[in-house]
Amino acid sequence: MNLRSIGLGLLGVLLALVVWRPAAAAESPAVALDLAGHQGMLAYRIVKTYCQIGSDVRMTLATQELKDALAAFEGNLKRLREIGVGEEGGAAVAELERLWPPLRDIAKAAVQRDKAEALFAAAVALQAPAETLKDAMADKLAQGREGQLYLANRQRVLSQRLSALYMLLSWGFAKPEYQEAYREVMSAFEEGLLLLSTAPNRPQMVVEKLKVASKKWEMMKTSNQDGKSEFMPNMAIRMLDGILESIEAVAAAYLNESQVGAPKAAVAEEPH
């Protein structure tokens with residue numbers, strides 16, 4: 001087994017952790033916030049993998065990732081139904097359930113190019129209730145919407161929105177609105193990565209993971225600025241999957257911190 005296979009296996013474990021955390025931990029608003037962010041990310045990941053399969057980009061791996069993302073979304077919905085998230089949160093969960101079937105049904109059927117845009121639209125529609133739930137849970141936490149857990153979840157969603165848009169564009173859906181959305185997500189992700197990377201009292205593991213994410217992000221940006229007209233989906237998806245792996249680990253670290261308190265060992269602010 002090579003290092004790349006090990007890395008992909010670890011990413012699968014990280015993506016599955018949200019579904020299999022102990023039910024008792026789900027009483028925390030932080031866990032519900034994390035679940036909401038995970039749902040937003042998974043919706044876009046489903047689009048990304050669907051488009052990979054359709055355009056024959058790492059198709060075998062993408063087929064398994066699509067199955068995993070569908071199962072994880074279903075599992076998270078079950079978790080959210082079982083925990084107390086308040087009136088506003090409960091309405092958001094109900095809306096997630098209502099909007100899930102259109103995305104699920106397209107993704108589970110045979111891949112068709114003419115269904116890709118409808119799939120993306122269904123993923124976009126799911127973002128509003130996911131954001132509502134995330135915001136409602138953040139408002140119950142001390143750091144609120146300024147906290148690093150909230151920001152890490154925002155980044156995980158943006159990373160997969162970027163992947164979905166890249167794959168749509170590379171599959172030939174070169175619409176101006178997708179191109180503009182892609183540029184906006186590139187800018188938003190870079191801003192969020194900087195905020196995470198300069199936050200005070202970051203645990204050492206978070207520092208290391210963000211260094212990896214930042215290195216891959218610089219490579220991703222370079223590939224977008226090289227003046228070439230052709231897309232390079234194999235390379236771009238490898239970079240974006242690597243970034244997601246790091247962000248997933250960061251989100252997990254901050255979720256754990258919210259459950260057990262501040263970390264004993266943190267690092268001082270680094271010069272930038």
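What follows is a short chat about a predicted model of one protein chain.

Q: What kind of model is this, and how are residues numbered?
A: It's a predicted model, where local features need pLDDT of at least 70, side-chain atom pairs count only at pLDDT 80 or more, and totals for chains, interfaces and linings use all residues. Residues are numbered from 1 along each chain as its sequence is written, and side-chain values use heavy atoms, with hydrogens and water left out.

Q: How many helices and strands does the protein chain have?
A: Nine helices and two strands. Those are DSSP runs numbered from the N terminus (helices are H or I, at least four residues; strands are E, at least two).

Q: And what pattern does the chain follow along the sequence?
A: Reading along, you get α-α-α-α-α-α-α-β-α-α-β.

Q: What share of the residues is buried?
A: 51% of the 272 residues count as buried. Buried is under 20% relative accessible area, exposed is over 50%, and partly exposed is in between (1.4 Å probe, protein chains only).

Q: What about the accessible surface?
A: About 12400 Å², with 57% of that belonging to carbon and sulfur atoms. The areas come from the Shrake-Rupley method with a 1.4 Å probe, and for residues only the protein chains shown count as cover.

Q: Of contacts between residues at least 6 apart in sequence, how many join residues at least 24 apart?
A: 80% of them. A contact here means heavy atoms within 4.5 Å.

Q: Ok, helix packing. How do helix 2 and helix 3 sit together?
A: Helix 2 (residues 29-54) and helix 3 (residues 59-82) have axes that come within 9 Å and cross at roughly 150 degrees. So helix 2 is roughly antiparallel to helix 3. For angles, under 35 degrees is roughly parallel, over 145 roughly antiparallel, 65 to 115 roughly perpendicular, and the rest oblique. The axes are lines fitted to C-alpha atoms, for helices over the stretch in contact, with angles from 0 to 180 degrees between N-to-C directions.

Q: Which residue classes make up the contact of helix 2 with helix 3?
A: There are 16 nonpolar, six polar and four charged residues. Nonpolar covers Ala, Val, Leu, Ile, Met, Phe, Trp, Tyr, Cys and Pro, charged covers Asp, Glu, Lys and Arg, and the others, Gly among them, are polar.

Q: How does helix 2 pack with helix 6?
A: Their axes are 8 Å apart, at an angle of about 10 degrees. That makes helix 2 roughly parallel to helix 6. The contact of helix 2 with helix 6 has 12 nonpolar, seven polar and five charged residues.

Q: Is Gln155 buried or exposed?
A: Gln155 counts as buried, at 0% relative accessibility. It's found in helix 6 (residues 148-170).

Q: What does Gln155 touch, not counting residues up to four places away in sequence?
A: Ala188, Phe189, Gly192, Leu193, Leu196 and Ile247.

Q: And Glu65, buried or exposed?
A: Glu65, in helix 3, counts as buried at 8% relative accessibility. Leaving aside neighbours within four places in sequence, Glu65 is in contact with Arg45, Lys48, Thr49, Gln52 and Asp241.

Q: Last topic, the loops. Where is Asp56?
A: In the loop between helix 2 and helix 3. Asp56 isn't a glycine, yet has a positive phi of about 60 degrees, and counts as exposed at 54% relative accessibility.

Q: What's the phi of Asn201?
A: Near 55 degrees, a positive value in a residue other than glycine. Asn201 is in the loop between helix 7 (176-197) and strand 1 (202-203), and is exposed, with a relative accessible area of 52%.
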